[in-house]
Amino acid sequence: MKRAPLNLMAAIGIAIAAPVWAVSLPAARPAELPSENTLTHWTAGSASLVPLMAADMLADQAESIDAPTTDTGGEIAKPLDDIAFVRKATESSRNEVNSAKEALPQLQQPELKRIAEMLVHDHTGANARLSKIAGTKGWPVPGPQVAGPPPSGTAIGDFDAKWTAEMIAGHERSVALYRAQAQGGEDKDLRQYARETLPTIERHLEELRRLQK
């Protein structure tokens with residue numbers, strides 16, 4: 001029997017001695033081939049780890065994208081859905097406008113009168129903008145409501161104090177409502193509206209607290 005040439009036998013020996021990964025490694029572009037240092041540390045089971053590593057990387061990316069952020073430093077309440085926010089914010093602003101208008105003839109402190117006039121102006125403008133946003137999207141806006149009587153007291157100072165406390169409570173609820181919408185509302189136009197209106201409501205609340213006795 002003839003012997004195989006030496007160069008053919010050498011080639012067969014190299015093929016038999018080659019590790020498993022060298023045979024099963026899929027074809028790749030030269031830029032994608034693992035480096036020599038990387039290959040020396042592979043084992044037969046290393047290929048099974050690649051899908052798991054990729055899945056972990058995708059999960060980490062998803063968490064960083066979906067994680068909510070807040071810029072207020074505190075917990076943010078869950079926002080209402082967009083239509084519910086329009087209804088709640090409209091009713092709240094109308095109540096504050098009506099209350100300020102009714103209280104103006106009875107308020108005695110000049111600073112409280114100034115704040116009441118500011119509330120009428122700012123909330124009327126905010127409601128007009130909110131109604132315009134809702135109208136472009138076909139969302140319902142609550143109809144006007146009959147204004148209730150303003151708080152009444154037996155003394156001048158008593159009325160001022162009651163009205164101030166009532167406005168503080170209403171503005172605290174409004175701040176929470178607008179913060180939630182600004183941070184987590186679904187509609188981008190409503191989020192923008194809430195972000196731009198929130199500082200005005202917070203300024204109202206700050207001034208009312210300053211004048212509270």
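**Helix α5 and its two packing partners**

1. In this predicted model, α5 and α6 run roughly antiparallel to each other. The reason is the angle: the two helices pack at about 155°, and angles over 145 degrees count as roughly antiparallel. Their axes lie 9 Å apart. The crossing of α5 and α6 is left-handed.

2. Which residues make this contact? From α5 (residues 82-103), the list runs Phe85, Val86, Ala89, Thr90, Ser93, Arg94, Glu96, Val97, Ala100 and Lys101. From α6 (residues 110-137), it runs Ala116, Leu119, Val120, His123, Thr124, Asn127, Leu130 and Ala134. By type, the contact of α5 with α6 holds 10 nonpolar, five polar and three charged residues.

3. A note on spacing. Residues three or four places apart in an α-helix point the same way, because there are 3.6 residues a turn.

4. α5 itself has 22 residues. The span from its first C-alpha to its last is 31 Å, close to the 32 Å expected at 1.5 Å a residue. At the start of α5, Asp81 places a side-chain oxygen within 3.2 Å of the backbone nitrogen of Ile83.

5. In the contact with α8, α5 supplies Asp82, Phe85 and Val86. α8 supplies Leu190, Tyr193 and Ala194. These residues divide into five nonpolar, one charged and no polar.

Note on methods. Residues are numbered from 1 along each chain as its sequence is written. This is a predicted model: local features need pLDDT of at least 70, side-chain atom pairs count only at pLDDT 80 or more; totals for chains, interfaces and linings use all residues. Side-chain values use heavy atoms; hydrogens and water are left out. Axes are lines fitted to C-alpha atoms, for helices over the stretch in contact, and angles run from 0 to 180 degrees between N-to-C directions. Helices (H or I, at least four residues) and strands (E, at least two) are DSSP runs, numbered from the N terminus. Angles under 35 degrees count as roughly parallel, over 145 as roughly antiparallel, 65 to 115 as roughly perpendicular and the rest as oblique. A crossing is left-handed if the near helix is turned anticlockwise from the far one by less than a right angle, and right-handed if clockwise. Contact means heavy atoms within 4.5 Å. Ala, Val, Leu, Ile, Met, Phe, Trp, Tyr, Cys and Pro count as nonpolar, Asp, Glu, Lys and Arg as charged, and the others, Gly among them, as polar. The expected span of a helix is 1.5 Å times one less than its number of residues. A polar contact is a pair of N or O atoms within 3.5 Å; within protein, one must be able to donate a hydrogen and the other to accept it, and residues adjacent in sequence count only if both atoms are side-chain atoms.
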